[in-house]
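My notes follow in the order in which I looked.

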Amino acid sequence: MWSKSDFPFEVSAAGRVNLIGEHVDYCGGKVLPCALSLKNTVYARPNGEDVIRIRWTDLPDEATLRLDALEEGRRHPYAKYHAGCAALWRAAGHTVVGCDLLMDCTVPFGSGLSSSAAIEVSTIAALATVAGEPFDPVEVALVAQKAEHEYAGVNCGIMDQFVSANGRAGCALLLDCATLQKEDIPVALGDCVLVIADCKKPHSLVKSKYNERRAEVEEALRILQKRIDADCLADVRPYLLEEYKKLLLPVVYRRAKHVVEECERVRRAVQYLRSGNVVAFGELLNASHASLRDLYEVTGKELDTLADAAQSHPACLGSRMTGAGFGGCTVSIVRREAEENFKAFVAEKYERATGYRAAFYRAEIADGIVVKR
Ligand code: GLA
């Protein structure tokens, strides 16, 4: 039995909810996610051996990764993330020492709240901490993203790992995914709160569909670049996309239209958040959901039902799917005094239409990486 109190280091990294800017991070767009108090905590200690030993607070398994054969960990169903992080952190020139790592994750798995980013980022920060090395959270995020690409097979953007490492309590992180320039934007919602609802539908298609969307927008960019001077799709103004629409297959045009319009929505969302115009901010969330449903086609019946139910409640200012889609969560802005009524209303409507029982998560906007010794 490993007990948390036996470990000298406690290193956590956050799950996230994205407020707006969906499926634009890998197109060089700006995103506006928040780090959550739902997090993965790694309890860590050096073990003086040539292995990394991993246990989980909620699983009976133990995984042992040999430092001279980290690659082999790629085949382990859960430890592949840690193996990838350790191998790639070392490949980036850092010291990795033998250690015991106890994982304690409060980000619900498969919920679209980035449990995998929280695991990857906290693992790398823990490896650096037990090795006695300082770390740069930006580099941690980049190596974590690489682990997701190479060991989990998801060709993800940088948003999840970046905010998991760099988020600030009380703030959304405005991240320019082309330059990695970041700015903390206080989330002041007046008399409203954020409500996260999980549609609880198992989302098995995410990986293949996600990679397929990426390929579609890459094709759009390749074709548009023959006529337009743009480094990434986020640079393309909506009027230029219209001008060259005929060059693109209809499906590729729809994907690109989502991206360029979502980027405009992020620009306006930041202005509204800064000026405290929560009503207008909420309307942008609704528009984002509609675009992800109709143009990007990553929602599906369950997320649409959940967002529709939320949007039809009088105390809801806006609601949209958050994350990759195909299942997972919605985020809604709701008048505080009606929060419980809203949840009961949405849960009832949703279960009647789909047969699934939605879950609601209580989470604060928290810091990204936190190291305690
Ligand atoms: C997943 C990916 C992110 C991002 C979102 C969609 O969460 O990991 O990089 O692309 O989907 O916005």
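Which residue in β7 is the bridge partner of K30? I found that D176 takes that place.

Before going on, I note that this is a predicted model, in which local features need pLDDT of at least 70, side-chain atom pairs count only at pLDDT 80 or more, and totals for chains, interfaces and linings use all residues. Residues are numbered from 1 along each chain as its sequence is written, and side-chain values use heavy atoms, with hydrogens and water left out.

**Entry 1: the sheet around β7**

I took helices (H or I, at least four residues) and strands (E, at least two) as DSSP runs, numbered from the N terminus. Two strands count as paired if DSSP finds at least two bridges between them. Strand β2 (residues 30–31) is joined to β7 by 2 bridges and runs antiparallel to it, while β7 and strand β8 (residues 181–186) pair in the antiparallel sense over 6 bridges.

Together the 3 strands form an open, antiparallel sheet in the order β2-β7-β8. β2 and β8 stand at its edges with a single partner strand each, so one side of each is left without a neighbour in the sheet. Contact here means heavy atoms within 4.5 Å. Helix α4 (residues 159–166) touches β2, β7 and β8, and its direction makes about 135° with that of β7. Helix α7 (residues 250–275) also touches β2, β7 and β8, and its direction makes about 40° with that of β8.

β7 and β8 form a hairpin with 4 residues between them, and L180 in the turn has a positive phi of about 65°.

How many residues of strand β7 (residues 171–176) are buried? I counted a residue as buried under 20% relative accessible area, exposed over 50%, and partly exposed in between (1.4 Å probe, protein chains only). The result is 6 of the 6, so β7 is largely enclosed by the rest of the structure. C171, L173 and L175 point one way from the strand, and A172, L174 and D176 the other way.

**Entry 2**

I next looked at another open sheet, in which 4 strands with antiparallel pairing follow the order β10-β11-β9-β12. Its edge strands are β10 (316–322) and β12 (359–361), each pairing on one side only, and the twist averages 25° from one strand to the next. β10 pairs with strand β11 (residues 329–335) in the antiparallel sense over 6 bridges, and within β11 it is V331 that stands opposite R320.

These two residues came up again when I looked at N18, which is found in strand β1 (residues 9–18). N18 counts as buried because its relative accessible area is 0%. Not counting residues up to four places away in sequence, N18 touches V31, L32, P33, M159, R320, T322 and V331.

**Entry 3: α1 against α3**

The axes of helix α1 (residues 80–91) and helix α3 (residues 137–152) come within 8 Å and cross at roughly 125°. Angles under 35 degrees count as roughly parallel, over 145 as roughly antiparallel, 65 to 115 as roughly perpendicular and the rest as oblique, and α1 and α3 are therefore oblique to each other. Residues of α1 including K80, Y81 and W89 meet residues of α3 including E139, V140 and Y151.

Leaving aside neighbours within four places in sequence, H82 is in contact with I54, W56, L65, M103, I119 and T123. The C-alpha atoms of H82 and A147 are 65 residues apart along the chain and separated by 8.5 Å.

**Entry 4: C232**

C232 is found in the loop between α5 (206–224) and α6 (238–243), and it counts as buried because its relative accessibility is 12%. Not counting residues up to four places away in sequence, C232 touches C27, G28 and L221. From C232 to L221 the C-alpha separation is 6.7 Å, at 11 residues apart in sequence.

How values were computed
Axes are lines fitted to C-alpha atoms, for helices over the stretch in contact, and angles run from 0 to 180 degrees between N-to-C directions.
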